[in-house]
Amino acid sequence: MPLEENISSSKRKPGSRGGVSFFSYFTQELTHGYFMDQNDARYTERRERVYTFLKQPREIEKMMIYGLFLCLDVFLYVFTFLPLRVLFALLKLLSAPFCWFQRRSLLDPAQSCDLLKGVIFTSCVFCMSYIDTSIIYHLVRAQTLIKLYIIYNMLEVADRLFSSFGQDILDALFLTATESNRQKRESFRVLLHLILAVIYVFSHAVLVLFEATTLNVAFNSHNKVLLTIMMANNFVEIKGTVFKKYDKNNLFQISCSDIRERFHYFALMLVVLLRNMQQYSWNYEHFTEIIPNMLMLLSSECVVDWFKHAFVLKFNHIPIESYSEYRATLAYDVASSRHKDSINDHSDVVSRRLGFIPLPLAVLIFHVTRISIDFHGAAGFLVILVGYVILTLLKVFNSIVIVGKACCYISD
């Protein structure tokens with residue numbers, strides 16, 4: 001065998017016939033070549049891995065941006081069209097009270113769900129009015145650095161657990177309230193599910209408020225050590241993800257979770273910005289001081305997503321074209337939910353796919369905006385009216401964009 005011949009030749013004495021001199025060895029090290037062209041397939045595959053690694057940020061950001069627009073559309077729906085739909089359902093109830101005596105269902109299932117969403121939102125906003133954010137801020141600020149780091153990690157884990165189970169709670173409520181079999185539609189069961197849904201949305205909103213307050217403390221600390229630790233904590237996510245076995249379906253679930261998480265960070269930044277600007281009397285200098293830290297935190301989240309997905313693709317040999325397929329799947333959900341014969345609401349379809357539940361975030365944003373901005377008097381009413389019009393126009397424009405892009409992505 002060639003290996004045995006090499007071993008036997010290496011045992012020969014330097015002066016024996018066929019021995020290799022020092023000069024011959026030195027010359028061979030200087031002149032021997034690399035024959036990569038004889039093993040072209042292996043090196044071509046490795047080169048493609050490098051290209052995939054470099055192209056991956058661009059491909060994932062295409063899907064991420066489209067997913068963020070979907071989350072924004074669902075989030076704006078709570079503040080724009082949901083109040084109108086709730087108002088329409090209430091007017092329909094009040095206009096025909098005789099239907100109650102005839103035991104006929106006046107509202108269709110969609111209107112019943114809208115009315116329940118309105119009840120949940122108003123109940124949670126009312127409960128949030130009894131929470132003093134300044135007490136929470138000083139309570140969090142009084143903790144030590146290590147304890148805050150642990151608390152923030154616990155809040156992140158709890159937020160993901162709440163998001164994964166919250167949609168099931170809401171779906172159970174809507175199913176119980178709209179079942180076709182009247183014998184099963186007991187008011188007591190609906191009331192129990194409604195109370196459970198209110199408790200969930202309120203608890204999730206308070207949890208996100210604590211998370212935003214922890215970030216607010218990190219931004220306002222003088223040495224910025226806590227903010228640095230929180231940014232470094234994002235890179236720990238790479239270690240817990242890249243060395244596991246995934247297929248295309250698992251990667252799609254991770255991508256949807258990352259979309260929800262990134263939009264969640266945008267919402268947290270909005271809460272921190274409102275509270276800081278209200279605390280410093282809307283000082284522009286403080287605004288310019290806090291914005292770079294926010295951008296730095298969001299940039300670290302993007303970089304972590306790039307590296308995480310890049311190594312998942314590399315270790316699991318998943319083609320980069322998968323992100324186009326994921327984006328097409330999201331686009332198909334949008335297109336199918338907009339169809340006239342669709343049995344699912346657009347916001348519910350997106351919420352189930354991405355794991356994004358807009359009600360807790362909407363309750364929190366509404367509460368923080370209400371306590372941070374003065375809406376009293378005629379000027380406050382005008383601000384509310386103008387803000388509603390702007391949000392509605394933004395919602396309509398965003399819906400047109402995502403539906404138009406959905407047609408393009410499906411046809412590609």
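Cysteine 408, by contrast, is partly exposed, with a relative accessible area of 39%. The sulfur nearest to that of cysteine 408 belongs to cysteine 407 and is 6.8 Å away, so cysteine 408 is in no disulfide, a bond that requires sulfur atoms within 2.5 Å. The structure as a whole holds zero disulfides.

| Cysteine | Relative accessible area | State |
|---|---|---|
| Cysteine 408 | 39% | partly exposed |

Keep in mind that this is a predicted model. The protein chain has a mean pLDDT of 82, with 85% of its residues at 70 or more. Among its elements, helix H1 (residues 2-10) has the lowest mean pLDDT, 47, while helix H15 (residues 358-372) has the highest, 93. Across residues 1-16 the pLDDT is below 50, and this stretch has two contacts in the model beyond near neighbours in sequence. Where pLDDT is low, the predicted coordinates should not be read in detail.

Helix H15 deserves a visit of its own. Its 15 residues reach 21 Å from first C-alpha to last, close to the 21 Å expected at 1.5 Å a residue. Because 11 of those 15 residues are buried, H15 is largely enclosed by the rest of the structure. Among the buried ones are Pro358, Leu361, Ile365, His367 and Ser372.

Now for the aromatic rings. The count comes to 14 aromatic pairs. Ring pairs join Phe75, Phe79, Phe121, Phe263, Phe356 and Phe366 into a cluster. Elsewhere on the tour, arginine 327 lies over the face of tyrosine 409, at 4.1 Å from the ring centre.

Key. Residues are numbered from 1 along each chain as its sequence is written. This is a predicted model: local features need pLDDT of at least 70, side-chain atom pairs count only at pLDDT 80 or more; totals for chains, interfaces and linings use all residues. Side-chain values use heavy atoms; hydrogens and water are left out. pLDDT is the predictor's confidence in each residue, from 0 to 100. Helices (H or I, at least four residues) and strands (E, at least two) are DSSP runs, numbered from the N terminus. Contact means heavy atoms within 4.5 Å. Rings of Phe, Tyr and Trp (its six-membered ring) pair if their centres lie within 6.5 Å; planes under 30 degrees apart count as stacked, over 60 as edge-to-face and the rest as tilted. A charge sits over a ring if NZ of Lys or CZ of Arg is within 6 Å of the ring centre and within 35 degrees of the ring normal. The expected span of a helix is 1.5 Å times one less than its number of residues. Buried means under 20% relative accessible area, exposed over 50%, partly exposed in between (1.4 Å probe, protein chains only).
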